[in-house]
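Subject: Structure handover

Hello,

Here is the structure you asked about. Please open it alongside this note; what I found follows below.

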Amino acid sequence: QVQVVESGGGLAQAGGSLRLSCAASGSIFGINAMGWYRQAPGKQRELVARITSDGSTNYTDSVKGRFTISRDNAKNTVYLQMNSLKSEDTAVYYCNVQGSMWRYKYDYWGQGTQVTVSS
């Protein structure tokens with residue numbers, strides 16, 4: 001029973017900050033990467049940020065310099081610090097957990113958390 005639970009979403013003003021958290025729990029092993037995706041109304045889901053277990057990161061261009069992804073491997077938790085928020089950051093943010101157990105690859109998703117940025 002694997003659970004992926006996001007928290008920290010909500011309403012922020014433009015220029016403000018939010019921190020999202022995502023914790024994976026249950027019978028999960030071999031996590032290789034955790035990341036955040038988002039989907040705004042009428043748009044495709046896009047990668048926001050991703051971090052591997054060894055600390056390598058990747059960001060979409062629109063958030064570089066504003067967002068920072070980090071993780072706590074011991075807690076199977078990933079964070080997304082979002083600063084200098086813009087109205088275009090408004091979206092549902094989804095946590096993604098990727099890894100492998102033996103030769104089985106898995107991809108788990110959280111249910112999403114709404115981030116709304118007012119201008």
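A cut-off to start with: buried means under 20% relative accessible area, exposed means over 50%, and partly exposed is in between. Ser-84 has 41% relative accessibility, so it counts as partly exposed. Please keep in mind that this is a predicted model.

Positive phi

Ser-84 sits in the loop between S8 and S9. Its phi is near 50°, a positive value in a residue other than glycine. Asn-76 also has a positive phi near 50°, and is not a glycine either. You will find Asn-76 in the loop between S7 and S8. With a relative accessible area of 22%, Asn-76 is partly exposed. A glycine with positive phi turns up in the hairpin of S4 and S5: Gly-42, near 80°. That hairpin has 6 residues between its strands.

The core

The largest nonpolar core has 29 residues. Trp-36, Leu-80, Met-82, Tyr-93 and Val-97 have the most contacts inside it. Several strands each supply at least two residues of this core: S3 (18–26), S4 (31–39), S5 (46–52), S7 (67–72), S8 (77–82), S9 (91–101) and S11 (113–118).

Take Tyr-93 as an example. Leaving aside neighbours within four places in sequence, Tyr-93 is in contact with several residues, including Trp-36, Leu-80 and Met-82. Glu-6, Leu-20, Arg-38 and Val-115 are also among its contacts.

Leu-18 has Met-82 in S8 as its bridge partner. Met-82 is also one of the core residues named above.

Strand S4 and its partners

How much of S4 is buried? The count is 7 of its 9 residues, so S4 is largely enclosed by the rest of the structure. S4 runs antiparallel to S9, and 8 bridges join the two. S4 also pairs with S5, again in the antiparallel sense, over 6 bridges.

In S9, its bridge partner is Cys-95. In S5, Trp-36 stands opposite Ala-49.

Salt bridges

Side chains of opposite charge can pair when their charged atoms come close. There are 4 salt bridges in the structure. Here are three of them, with N to O distances.

- Glu-46 and Arg-38 meet through their side chains at 2.8 Å. Glu-46 is partly exposed at 31% relative accessibility, whereas Arg-38 is buried at 5%.
- Arg-66 and Asp-89 meet through their side chains at 2.8 Å. Arg-66 lies in the loop between S6 (57–59) and S7, and Asp-89 in the loop between S8 and S9, so the pair ties together parts that are 23 residues apart in sequence. Both Arg-66 and Asp-89 are buried.
- Lys-64 and Asp-61 have their closest N and O atoms 3.0 Å apart. Asp-61 is exposed, at 62% relative accessibility.

Which residues are linked in a network of salt bridges? They are Arg-38, Glu-46, Arg-66 and Asp-89.

Thr-116

Thr-116 is in strand S11. Its relative accessible area is 30%, so Thr-116 is partly exposed. A polar contact of 3.3 Å joins its side chain to that of Gln-114. Apart from neighbours within four places in sequence, Thr-116 is in contact with Gly-10, Leu-11, Ala-12 and Thr-90. Arg-103 is 13 residues from Thr-116 along the chain, and their C-alpha atoms are separated by 39 Å.

Best wishes

Methods. Residues numbered from 1 in each chain as written. Predicted model: local features only at pLDDT ≥ 70, side-chain atom pairs only at ≥ 80, totals over all residues. Heavy atoms only, no water. Core = buried A, V, L, I, M, F, W, Y, C linked by side-chain atoms within 4.5 Å. Buried < 20%, exposed > 50% of the residue type's maximum accessible area, 1.4 Å probe, protein only. Helix = DSSP H or I, 4+ residues; strand = E, 2+ residues; numbered from the N terminus. Contact = heavy atoms within 4.5 Å. Pairing = 2+ DSSP bridges. Polar contact = N/O pair within 3.5 Å; in protein donor to acceptor, adjacent residues only side chain to side chain.
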